[in-house]
Each structure stands twice: as C-alpha cells, then as structure tokens.
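Hi everyone, thanks for coming. Let me put the structure up, and then we'll walk through a few spots together.

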Amino acid sequence: MLNLRYDFNNLMAERVGEHGVTDAELRALGPKLAAAADAVEKSPLGFRKLPHNTKLADEVALLAGEIQARCDSFVVVGIGGSALGNIALHSALNHPEYNQLPRPPRRGPRLFVPDNIDPDRIAALLEVVDLDNTVFNVVTKSGGTAEIISEFLVFRDALIKKLGPERHVERIVITTDPERGELREIVKRFGYASLPIPSDVGGRFSVLSAVGLLSAAVTGIDIHKLLKGAAEMDARCRKSKKLWENPALAGAALHYLMDKAKGKNIQVMMPYAHALRDVADWFRQLWAESLGKRVDRAGKTVHAGQTPEKALGVTDQHSVLQLYLEGPFDKVVTFLTVEEFHTTVPVPPAFPNFEGVKYLGGHTLNELIRAEQRGTELALTQSGKPNCAIRLPRADEETVGALLYLLEMQTAYAGELYNINAFDQPGVELGKNFTYGLMGRKGYEAKRREVEQASKPNSQWVVNT
Ligand code: PA5
C-alpha cells in the first residue's frame, strides 16, 4: 500500500467558485478522457517497462557497489533529462548535507551533477575532486549532445593527464543508447564500462532507467524499492480507466481542464518538504518539454502547453505567494506534502513574558511547516485560486518512485488530451542543431549560415551604457 493521496478538492467549483472545475465540465470531458486512457494503454510506451526491469537494477547495483568501493567522488555528466532525475532522487532520498558528511555515515562517494557547461562551474569542480578517486558517469541518450560530449572530452583529458591513457578508462562509465550514436561506438572501440538507455525511452522519462539508477545506487539509495514503488503505481494506473480510480488520469484531466477551460496556463509545483524541491524542477522539464508543442498530431498549429513553475514552501511564502494570492487568475498550484519528516525538531520554550515568542515554545518545526502549508492552502482557496495536493506519507524510496511514475503517467495522459506527441522535442532539437552549426559540426553548415544571417548586428534597439 503506497498511501499516496492526490487531493483535488480545491480545484472544484464548490471550493473556489468560478475558477474551479464543475461536474458538468468533467462529464463533458468523459469520452475524450476514455479515448486518452485507451490510447495510453495501447501505446508501447518504453518508460512503462522500467519499473519492472529488476534485472537491470541488479546489474546497476553490482556496478554501484564496485564504484562505491573504489571512489570518493562521482560526477554525473548529463543535462536535462540526463541529469534532472538524478538530482531529484539525490535530494529526495539522501541526507540534505550528503556531500558534507564524513564517510560513514555517508553511504557512498560525494555526488556532483553540474547539469551545465558554465566554464567556471566545470573548472571549479575539477578543483575539488581528487581525480585519483573519481568516477565520471557520462549520460546521453543520443550520444551527441554538445554539452555532454564537450564535458566528456574535458574530464577525459584531465583523467588522462593524471592517470595515463590506459588507467583513465576505468574512471568513466558511459550510459547511452544500446545501439545508436557515436558514443556507443566509442564504448565498443575504447573499452569504457557502459549501461544502456532503452531506445524507446526519452531523456525526461528515463529517471527509472540506468540514467537515474546508477547515481542513486552509488549514493546508497535502494533502487529496488524505488522501482517497487513505481511498479505499484503502474499497477494502479493499469487497473482502471475511471477518473476517480486512476490518480494519473485524474491529474491529467483536471490540469487539462484548468488550462483549456479555466485559463490557468501556469502550474506551480510547490513542495512543502525540502527533500522534494528538485522533484518540482524535474517535473518542470517533464511537463514543459512533453506538452509544449506547436502542432498537434493532425499537423494543426496549436501552441499547446501549460507553463510549469516551481516554488518551495515555506521559503516562497516570503517571495512569490503574494502574487499567487492576489495577482492574476492564471495559475494552479500543486502542493507536494509529507505527513512525516525523518526527524522531529522541538522548539524549546523561552521568554514566557513575550507573547509573540512564547506561543512557539513546546511546538515543533514539523508542526509549524504543516501549519504553514495548511494556511497557504486555505488562503489560496479563499482567494478563489485553485490548488491541489499530492500527499506522501513520507519521502522514501517507494513513495518517491511512485510519485515520479505518477507524474510521468499524468504527462502521458495529458499528451493524449492535448492531442500532441508528448514524447518528442523538436524545439530542443532545433536549438541543438544551431549549436552544432556554430561549433562547426559536419552536416550542419546550413544551420550555421542561418544563425549568422539572423544575428547580424543591429544597433537600432540596443541600449549601450
Ligand atoms: O528530455 C530530453 O529529451 C532532453 O532534455 C534530453 O535529455 C537532453 O537534451 C539531453 O539529451 P541526450 O540525453 O540525448 O544527450
């Protein structure tokens, strides 16, 4: 039993008035929703096989054990779908100050996921890791993304300089498509250890493949439990195509209506648990890159998508909440909450003569964060601002596996409702192709000319100081 609850109450017209969804709107969506559920069930979606691949988890756990034994820093060289899931799992399931801990209790090497090519960031990373004890996991589905390949070349060169051309090979693990891409060819020719990313799983749906599993296992996360939670959620979604029995289908339906019928074209995910902050970041990519599409399946221009944003409770109560409460009616908030934290921090009683201080004494920070979440939820609801909540009993491997899988399924169903392809990313590819052209990759000369043509200096609308 996962005991994860998706609470949609505050999206309903009964709670938030004209900005909420009505029964009639839900009924009218019925046939379209049934078709969406059917389509998802019939599609051979690669990511749906991942929770059941315990054989891969065994293989990853074995490699992870061996890496744990021989290194003290582990660097994930990836970007977007090849990095955000790793970061989300790490913050959700490892100690909040993991890299600062001595080992033990730290369960594995320090973890670094730069998720960027900023030269200062990469140079700084090379200053703090000891190349004698560092393993680099190069993660790229296509095997060709410029950011990842260039970092690979930088780190490989540093390793060769430090350890020599032969020994450097043991410090690199390449996770990529099992057949396609030049990186796979490099693995075959140069003998790097490698793991597969199934050809039918795209980057943003790959967190439960070797992409996310290796860094998770290396840092001591129980990846079998993670998959177990996801598999339970998969069973739950397969069991019923009825709105109120399938949490992912309900999530897709309600958010679709929020966007299309109620004009809430922004969805803010707001975790009230520090551990889940990067789940919101991971979801931002999943929802945006999957649903943000210019054309629908019939080739009609639609410019579909609901803009995902992230906020953090309670931090952002003191930053953006004012706007959410009193600004435009263009948002829907999705809270992520945990019933239980891993620790309890009591607030010691003090200053009995100061009413503004004394009332907090004897409570706990746990009570305070829960009270603040309830307060924010009610304040939004009273202001007619729709909000929903995914309530986890706690952030552990099973519930986090289930949560990530739930959001992936919600995205797949939503893609069907919007009638777009949720599994491609032509916009991202266009940007990548311009970069290839500018950096001189063979075959992309026309793209280079296009950029150069478009970016001819024009001083007319520039302010120089
Ligand atoms: O989700 C996606 O498809 C993208 O974010 C990719 O993961 C990202 O662009 C990196 O691509 P690749 O793993 O193919 O190098």
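Let's begin with Thr-219, which touches Gln-68, His-90, Asn-94, Tyr-98, Arg-107, Pro-109 and Leu-111, not counting residues up to four places away in sequence; contact here means heavy atoms within 4.5 Å. Before going on, please note that this is a predicted model, where local features need pLDDT of at least 70 and side-chain atom pairs count only at pLDDT 80 or more, while totals for chains, interfaces and linings use all residues. Residues are numbered from 1 along each chain as its sequence is written, and side-chain values use heavy atoms, with hydrogens and water left out.

Where does Thr-219 sit? You'll find Thr-219 in the loop between helix H8 (210-218) and helix H9 (223-239); helices are DSSP runs of H or I, at least four residues, numbered from the N terminus. Thr-219 has a relative accessible area of 1%, so it is buried, meaning under 20% relative accessible area with a 1.4 Å probe, protein chains only. A polar atom of the Thr-219 side chain lies 2.9 Å from the backbone oxygen of Ser-215, and one lies 2.9 Å from the backbone oxygen of Ala-216.

Now to the nonpolar cores, sets of buried Ala, Val, Leu, Ile, Met, Phe, Trp, Tyr and Cys residues joined through side-chain atoms within 4.5 Å. The largest has 99 residues, and Leu-214, Leu-276 and Trp-282 have the most contacts inside it. Helix H15 (residues 397-418) gives the most to this core, with 13 residues. A second, separate core of 21 residues includes Phe-152 and Phe-155. Thanks, everyone!

Technical notes
Helix = DSSP H or I, 4+ residues; strand = E, 2+ residues; numbered from the N terminus. Buried < 20%, exposed > 50% of the residue type's maximum accessible area, 1.4 Å probe, protein only. Polar contact = N/O pair within 3.5 Å; in protein donor to acceptor, adjacent residues only side chain to side chain.
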